Amino acid sequence: MSTLDGGWRHLPFALDDGPAAHAALGLIVLGNDPTIEPELYRILRMDGVGLYAHRIAMGPPFTVERIKALEGELARAAAMILPDDRLHAIAFGCTSCTMAIGVENVARRIQETRPGVPVTEPVSATLAAFKALGLRRIALLTPYPHEVNKVAAAFLEAQGLVVAEKATFLASADFDIARVSPSAIEEAAVRLAKLDVDGVFLSGTALRAVSVIRAIEAASGKPAVSSNQALAWHGLRLAGVRGAVDGFGRLLTL
Amino acid sequence: MPDTSVLASKWQHMPCTLDGGPAANVAVGLITLGNDTVIEPELYTFLPRDGVAVYSSRIPMSAQVSEQALMDMKKNLSRVAAEILPDDKVNVMAFGCTSGSMVIGPETVASEIQRSKPGVPVTNPVSASLKGLKTLGIKKIALLTPYPDSVNEVVEKYVGGQGFDIVVRGSFKQTGDPQITRVPPEAIYKAGVELGKNAAAQGLFISCTALRCSSVIQRIEDAIGKPVVTSNQALAWDALRLGGYKKAVAGFGKLMTV
């Protein structure tokens, strides 16, 4: 079976496809986001799927000018993630930054160092989610300050969605956004979803929405989409993984 | 950009209470090697889900593992540590490389990381593994690695120098992470049992964070009747204990229960 070599046994075997045989998903995370990785792992805990994170500098104040400056860092960050191994898709983990930078610019920058790898971010992911769920008239719940809220609502309206209801927790940094309790998120989202809308969108990757999506849908009877839930769904689908995942809302079954 | 002044007027302010956040118990900052595809899913498998989370950022490392390539990581430790939750709490910092910690030295790894994370406890897979073996009362070990000969020599010397007696040793002899991560768990199981059943060994140490051990640790322990310590399991255990989390985690070997 094994041979001896200077006291070391050489152990014969054949290599397989590795831990992410179905989907190796790269993730560019904002330095201070403490929510996106645990939330994505909650959904992506499945055989043959791996999530590989790298961080980029981002600190308060959380202004539009600052998030625009992040654009230049995307290519460098993407090059840090499995530089000598394969990635099936790569995600940029910031909803409001993507709105400020632009979906095409995010993809173009990332593909400078990862040519041919499909790119997603919470904006494309949520727009694809609204389409898949048939949502046009939505309620928007955000954690952001008003400067960012205005950009978010205007962006969605410009995509042809009707933002019929808007509500915010008015938190200014990831530190506070990540500490908004899931029960507060659930309560606010259910209130909004029960109004005259097709469904509710919970924006923000630092907001702990994933654990309450199912409860929001159960209480309101309408679909709930969150940034991280949509990102996980879109990343899986871009990587070619088609199976339904139970427990995280209607979207993950599509 | 469309005029947003009208839209802004219609926002409802939702009341909310703040709590301890997603890592209320233990926030683990993880310095991950660029090509390691195993450590993050393995840590998320080992770690409990009640307020424990891992926050990763990557450090450049050659796809060809060598003593020099491992030493080259030293200069980037402080910078990468600074990228992880700069304005939020981190309870423990972990460097995700066993052989690199041996080459650089655990004390230097800790002092480099603490340059940007002062006061935060630092762990690494080799210190955690050797601490784990000592905690389990194991001195005579069977050793399994995936490394090439030059790195195996470093490991042998380091572990021997820490007072352990390596009674039997085996290696998959792979050149770097893109290959090591593709060693099948079943091959680790077979090799682990073959080495661990050696009558003189009190336990088995499987070195390297890029080896997929989580699904076979308990099976090897059951087959050989001795404890199995692996890089990622020991890293998870030490990070939890350094972070003040004392509860046992079942299903991943004896170490996670002590």
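Which residue is the bridge partner of B:Ile31 in strand 4 of chain B? In this predicted model, the partner is B:Phe95. Strand 2 (residues 26-33) and strand 4 (residues 92-95) of chain B run parallel and are joined by four bridges. Both belong to an open sheet of four strands in chain B, ordered 3-2-4-5 with parallel pairing. Strand 3 (52-59) and strand 5 (122-123) of chain B form the edges, each pairing on one side only. Strands of a sheet pair through backbone hydrogen bonds, in either the parallel or the antiparallel sense.

Helix 2 (residues 39-46) of chain B was examined next. Seven of its eight residues are buried, so this helix is largely enclosed by the rest of the structure. The buried residues are B:Ile39, B:Glu40, B:Pro41, B:Glu42, B:Leu43, B:Tyr44 and B:Phe46. They pack against elements of chain A and chain B. From chain A come helix 1 (36-43) and strand 4 (49-56). From chain B come strand 2, strand 3 and helix 12 (231-242).

Helix 9 (residues 182-193) and helix 10 (residues 213-220) of chain A pack at an angle of about 35 degrees. Their axes lie 9 Å apart. The crossing is right-handed. Helix 9 of chain A contributes A:Glu186, A:Ala189, A:Val190 and A:Ala193 to the contact. Helix 10 of chain A contributes A:Ala215, A:Ile216, A:Ala219 and A:Ser220. Six residues of this contact are nonpolar, one is polar and one is charged. An α-helix has 3.6 residues a turn, so residues three or four places apart point the same way.

Definitions and conventions: Residues are numbered from 1 along each chain as its sequence is written. Chains are lettered from A and ligands numbered from 1 in the order in which they are written. This is a predicted model: local features need pLDDT of at least 70, side-chain atom pairs count only at pLDDT 80 or more; totals for chains, interfaces and linings use all residues. Axes are lines fitted to C-alpha atoms, for helices over the stretch in contact, and angles run from 0 to 180 degrees between N-to-C directions. Helices (H or I, at least four residues) and strands (E, at least two) are DSSP runs, numbered from the N terminus. A crossing is left-handed if the near helix is turned anticlockwise from the far one by less than a right angle, and right-handed if clockwise. Two residues are in contact if their C-beta atoms, placed from the backbone, lie within 7 Å. Ala, Val, Leu, Ile, Met, Phe, Trp, Tyr, Cys and Pro count as nonpolar, Asp, Glu, Lys and Arg as charged, and the others, Gly among them, as polar. Two strands pair if DSSP finds at least two bridges between them. A residue is buried if 20 or more other C-beta atoms lie within 10 Å of its own, exposed if 12 or fewer, and partly exposed in between; C-beta atoms are placed from the backbone.
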